[in-house]
Amino acid sequence: MSELRSAAVPPLSDSDHVRGPGDAPLLIEYADFECPFCGALEVQLADAVVRRVFRHFPVRSSHPRAWAAACAAEAAALQGRFWEMHESLFADQARLEDPHLWERARRLGLDVARFDDDRRSEAVRERVRRDFESGVRAGVVTTPTVFAGSTVHSGSIAASDLSVL
Amino acid sequence: MSAGTAEVRETIIAAGEPVPEFTLRREDGTKFRREDLEGKTSVLVFYPAAFSPVCNEQLSLYQEVLDEFTARGATLYGVSVDNAWSLKAFREKLGTEIEQLSDFEPKGATCRAFGVYHPRGFAQRALVVVGPDCVVKWSYQAPSPADLPGANLIFDALSE
């Protein structure tokens, strides 16, 4: 049984996926790779100078392949290629079946057999689940949800909101 | 007061109050009543409309942590004024195991008895945790039907 009572969104930690300049505003994003609004946010933030943390928030009955995609990204992370897989998945959100995931891994130069073992492993599932549960505790209810300082944006994010970010 | 003819109340039922008599319909048309809540902890998830975007997200989210509710001995039920066939189709579309209960006829009677009937003819977005003794342990009504209460609020209530 997991602890799921309310708690603040966890601060940036060593186990997070983070990129962007260290002195830029920090965005902590809960998202999933099958979510169209998350895909739109990727485009909206493409040129933003921000330090981004990506955390998984897959919800199966809305997005049946979101868990598989999240585990694929974590399996790629174990070979040092999280952000490359992240970009690959968001670049084409309609192809998330197993053969598509293998093909993405192959194109990124990953050891595909290892990738396939890892993405099905308990450790990878736990890693995704940990992100998801931290989001539940912080009151995340939809994707994307972005924590930026003391403000929270969720769902479809307007350009006017982004300018604040 | 007899079953199915519960009082109308204007504000959501509060912690410490006994659950009123009510009659909802399961997917198969059979009745679901107050006594069906006895002996276990239940979470009644009142929501405005099957197939609407926020209700989709809400039930999808709760489904994702359904094992955790079960581990705490809590059974979730969705309640709306849609008819039973619509709720069956909605549940199947979502692939959720959360049982859906219909407050279709007389429309909204159970919602009114729990104080969660929206004046425009649908259930408010509200949560009611009921203990095994049929006394309300916790209740919450979202500020507006468009606001989706996080699952964390229910876990907080179940931990008290």
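Helix α4 (residues 98-107) and helix α5 (residues 112-119) of chain A have axes that come within 9 Å and cross at roughly 130 degrees. This is a predicted model: local features need pLDDT of at least 70, side-chain atom pairs count only at 80 or more, and totals for chains, interfaces and linings use all residues. Residues are numbered from 1 along each chain as written, and chains are lettered from A in the order written.

**α4 and α5 of chain A**
- Trp102(A), Ala105(A) and Arg106(A) in α4(A) meet Val112(A), Phe115(A) and Asp116(A) in α5(A) (contact: C-beta atoms, placed from the backbone, within 7 Å).
- That contact has four nonpolar, no polar and two charged residues.

**α2 and α3 of chain A**
- The axes of α2 (residues 66-77) and α3 (residues 82-91) of chain A come within 7 Å and cross at roughly 150 degrees.
- α2(A) and α3(A) are therefore roughly antiparallel (over 145 degrees).
- Ala69(A), Ala72(A), Ala73(A), Ala76(A) and Ala77(A) in α2(A) meet Phe82(A), Glu84(A), Met85(A), His86(A) and Leu89(A) in α3(A).
- By class, this contact has eight nonpolar, one polar and one charged residues.

**Chain B against chain A**
- The contact takes 19 residues from chain B and 15 residues from chain A.
- On the chain B side, α1 (53-64), α2 (66-71) and α5 (151-159) each give two or more residues.
- α1(B) provides the largest share, six residues.
- The chain B side divides into seven nonpolar, eight polar and four charged residues.

How values were computed: Axes fitted to C-alpha atoms, helices over the stretch in contact; angles between N-to-C directions. Helix = DSSP H or I, 4+ residues; strand = E, 2+ residues; numbered from the N terminus. Parallel < 35°, antiparallel > 145°, perpendicular 65-115°, else oblique. Contact = placed C-beta atoms within 7 Å. Nonpolar A, V, L, I, M, F, W, Y, C, P; charged D, E, K, R; others polar.
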